[in-house]
Amino acid sequence: MAIALVVLAFGDEAPIAGTVKAIDASANTLTLQTTAKGKTRDVTILLKPDSKIVKFARATEPGKTGFVEQPLTVSDLKPGWVVSVTTKHESGKEIAEVVNVILEK
Amino acid sequence: MRAKLFMSLVCAALVLLLGLWLAHPPASRANGDKDKHEEKGGHAHVPAPTEYADVHVPLSVWTDAAMIARGKEIYTTRCAVCHSDSGDGKGPAGLALPLKPADFRDRDGVAEMRDNYWFWRVSEGGQVEPFKGKGSAMPPWKGQLPIEDRWAVMAYQHTFSGHQGPHVPWEHPKSVAMGRDIYAMACVMCHGVDGKGDGSVGPMLSPRRAPQPRDFTSAEFKFRSTPSGQLPTTADLFRTVTEGVRSSGGPMTIGLRGHRIMPSFRYMPEAQRLEVIEYIKSLNRGFWERREIKTVAVPAAPPVTPERLTRGKRLYADAECLACHGERGRGDGPSAPTLKDNRDLPIAATDLTKPERFKNGARPENVYRTLVTGLAGTPMPSYADSLEPDQVWDLAFYVLSLSRGGRTAEEGLRVVR
């Protein structure tokens with residue numbers, strides 16, 4: 001039970017926001033430079049087949065306003081982009097659930 | 001027995017984990033803590049740094065329909081994805097951010113933001129502290145949007161708050177509330193409730209004589225890096241608040257270390273000094289009405305040579321410094337007894353042999369700046385138009401060479417070196 005609670009306590013799924021530092025399409029990983037509590041660190045996030053990568057664009061259909069999701073692939077991401085990633089911990093790794101592109105540079 | 005020990009250990013572990021959970025809830029770990037205000041899309045309320053503190057948005061921008069329309073166009077394409085079309089900070093990309101985007105419909109939150117803070121945030125985004133450390137993903141727009149475009153975006157964002165009129169401290173007293181409280185504790189005795197320099201203690205500092213406490217509502221500030229007749233920069237005010245003002249005052253100044261007529265606030269936290277300066281600025285609309293701020297450049301100090309001091313001595317006579325300050329710089333020139341300030345109060349010519357009492361500082365660059373800017377409201381003129389920079393250095397070093405009992409130029413050379 002104690003072990004389960006440890007996993008529960010530290011298995012956060014909080015979003016991580018940062019700048020894309022590197023993309024390894026062959027390994028399906030994304031390295032983000034992120035700052036938390038005043039410390040800048042690099043976080044490598046594993047992208048699984050069910051991980052979503054999206055950006056938001058203005059709806060182009062007549063009469064529609066607001067934003068629509070546009071799916072992207074890992075190869076669409078570029079270093080320097082600002083993204084926010086919701087993750088989960090699995091086997092000591094950060095696994096991406098959804099990658100939201102905040103800013104394309 | 002073993003079972004009891006095991007159960008005790010399990011209970012202790014549970015309590016420890018519960019404590020950890022409460023101290024660091026999961027959502028706060030990845031990108032820093034969120035206080036209550038941030039949870040509702042607020043801001044870290046810190047003063048803008050001095051390089052942004054003087055960037056006040058022109059008053060007309062906030063209500064200019066063309067600027068607001070221009071701001072809307074930019075906002076819609078660049079900001080709405082996080083801040084949303086309605087400005088509530090719940091745009092689709094913003095929802096997943098660890099630090100929530102600002103809610104511009106939060107009337108109180110907007111009222112607390114000063115225009116220079118707002119401009120700083122738009123310009124630097126999350127690239128600067130304290131926002132960087134909190135994990136802000138806000139992009140810096142200074143490289144992509146010219147100043148006017150950033151003002152236009154702010155003007156459009158301001159419309160979400162429902163406030164009509166310019167976004168200035170006299171419309172939003174909350175934005176300078178902390179500075180006002182500090183002012184009430186530390187400044188009001190001398191500078192008065194309205195900042196007119198008419199506090200109850202002020203006249204006792206230097207009875208019936210200059211200097212008197214500054215009237216912040218007037219355009220005359222003595223200690224500036226700006227040309228004659230202009231308001232000081234925030235950095236100038238910060239320097240004065242930090243250093244205090246040196247002068248030989250009346251009995252009320254006894255105990256103000258180093259012959260200060262205004263105490264030094266160097267031990268007040270920097271953020272609080274900046275807050276009180278923002279309040280002081282809010283007492284004078286001129287800070288919002290001025291457009292271009294030029295500051296006096298102080299070139300690198302040249303080497304001090306006997307020739308430079310000889311030239312400085314000649315300039316001291318030619319520029320009529322000795323009329324007030326006297327031949328040996330003791331403040332006993334023929335005009336000294338007749339000098340008056342702009343309040344028609346008798347004012348003493350500074351004794352140049354006592355640099356520890358130079359009101360604007362006694363480092364060579366301080367003396368250079370004083371010679372170029374003059375001291376507004378006093379008979380001390382600006383020499384910006386009559387002396388070349390190298391001549392100003394000649395004069396500055398000669399003035400410094402006069403210290404300690406009117407030494408000769410050659411003796412002064414050793415002092416300056």
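Helices are DSSP runs of H or I with at least four residues, strands are DSSP runs of E with at least two, and both are numbered from the N terminus. One such element is helix 9 of chain B, residues 188-191, which holds Met189(B).

The model is predicted, so local features need pLDDT of at least 70 and side-chain atom pairs count only at pLDDT 80 or more, while totals for chains, interfaces and linings use all residues. Residues are numbered from 1 along each chain as its sequence is written, chains are lettered from A and ligands numbered from 1 in the order in which they are written, and side-chain values use heavy atoms, with hydrogens and water left out.

**Stop 1: Met189(B)**

Select Met189(B) in helix 9 of chain B. Met189(B) is partly exposed, at 36% relative accessibility. Here buried means under 20% relative accessible area, exposed means over 50%, and partly exposed lies in between, with a 1.4 Å probe and protein chains only. Leaving aside neighbours within four places in sequence, Met189(B) is in contact (heavy atoms within 4.5 Å) with Gly199(B), Ser200(B), Val201(B) and Gly202(B).

**Stop 2: chain A**

Chain A contains one helix and seven strands, in the sequence pattern α-β-β-β-β-β-β-β. Of its 105 residues, 43% count as buried. Among the contacts in chain A between residues at least 6 apart in sequence, 43% join residues at least 24 apart.

Next, select strand 4 of chain A, residues 52-58. Five of the seven residues of this strand are buried, so strand 4 is largely enclosed by the rest of the structure. Two strands pair if DSSP finds at least two bridges between them. Strand 4 of chain A runs parallel to strand 7 of chain A, and four bridges join them; Lys52(A) has Val98(A) as its bridge partner in strand 7. Strand 4 of chain A runs antiparallel to strand 5, residues 67-71, and is joined to it by five bridges. Ala57(A) has Val68(A) as its bridge partner in strand 5.

**Stop 3: the largest nonpolar core**

Show both chains again. A nonpolar core is a set of buried Ala, Val, Leu, Ile, Met, Phe, Trp, Tyr and Cys residues joined through side-chain atoms within 4.5 Å. The largest one has 41 residues, and Tyr75(B), Trp118(B), Trp151(B) and Met154(B) have the most contacts inside it. At least two residues of this core come from each of strands 4 and 7 of chain A and helices 4, 6 and 7 of chain B. Which element gives the most to this core? Helix 4 of chain B does, with eight residues.

Centre the view on Trp151(B). Not counting residues up to four places away in sequence, Trp151(B) touches Val55(B), His56(B), Val57(B), Pro58(B), Val61(B), Met67(B) and Phe119(B). A second, separate core of 26 residues includes Tyr183(B), Leu237(B), Phe265(B) and Met268(B).

**Stop 4: two crossing helices**

Select residues 65-83 and 147-159 of chain B, which are helix 4 and helix 7; their axes come within 7 Å and cross at roughly 90°. The two helices are therefore roughly perpendicular, a term for angles of 65 to 115 degrees. Among the residues making the contact are Met67(B), Ile74(B) and Tyr75(B) of helix 4 and Trp151(B), Ala155(B) and Tyr156(B) of helix 7.

**Stop 5**

Select Glu124(B), which lies in helix 6 of chain B. Is Glu124(B) buried or exposed? Glu124(B) counts as buried, at 11% relative accessibility. Beyond its neighbours within four places in sequence, Glu124(B) is in contact with Tyr52(B), Pro140(B) and Lys142(B).

Move to Ser225(B), in the loop between helix 10 (202-205) and helix 11 (234-243) of chain B. Ser225(B) is buried, with a relative accessible area of 11%.

Finish at Arg291(B), in the loop between helix 13 (286-289) and helix 14 (306-318) of chain B. Arg291(B) is partly exposed, with a relative accessible area of 45%. Leaving aside neighbours within four places in sequence, Arg291(B) is in contact with His56(B), Val57(B) and Pro58(B). Although Arg291(B) and Val57(B) are 234 residues apart along the chain, their C-alpha atoms are separated by 9.1 Å.

Technical notes:
Axes are lines fitted to C-alpha atoms, for helices over the stretch in contact, and angles run from 0 to 180 degrees between N-to-C directions. Angles under 35 degrees count as roughly parallel, over 145 as roughly antiparallel, 65 to 115 as roughly perpendicular and the rest as oblique.
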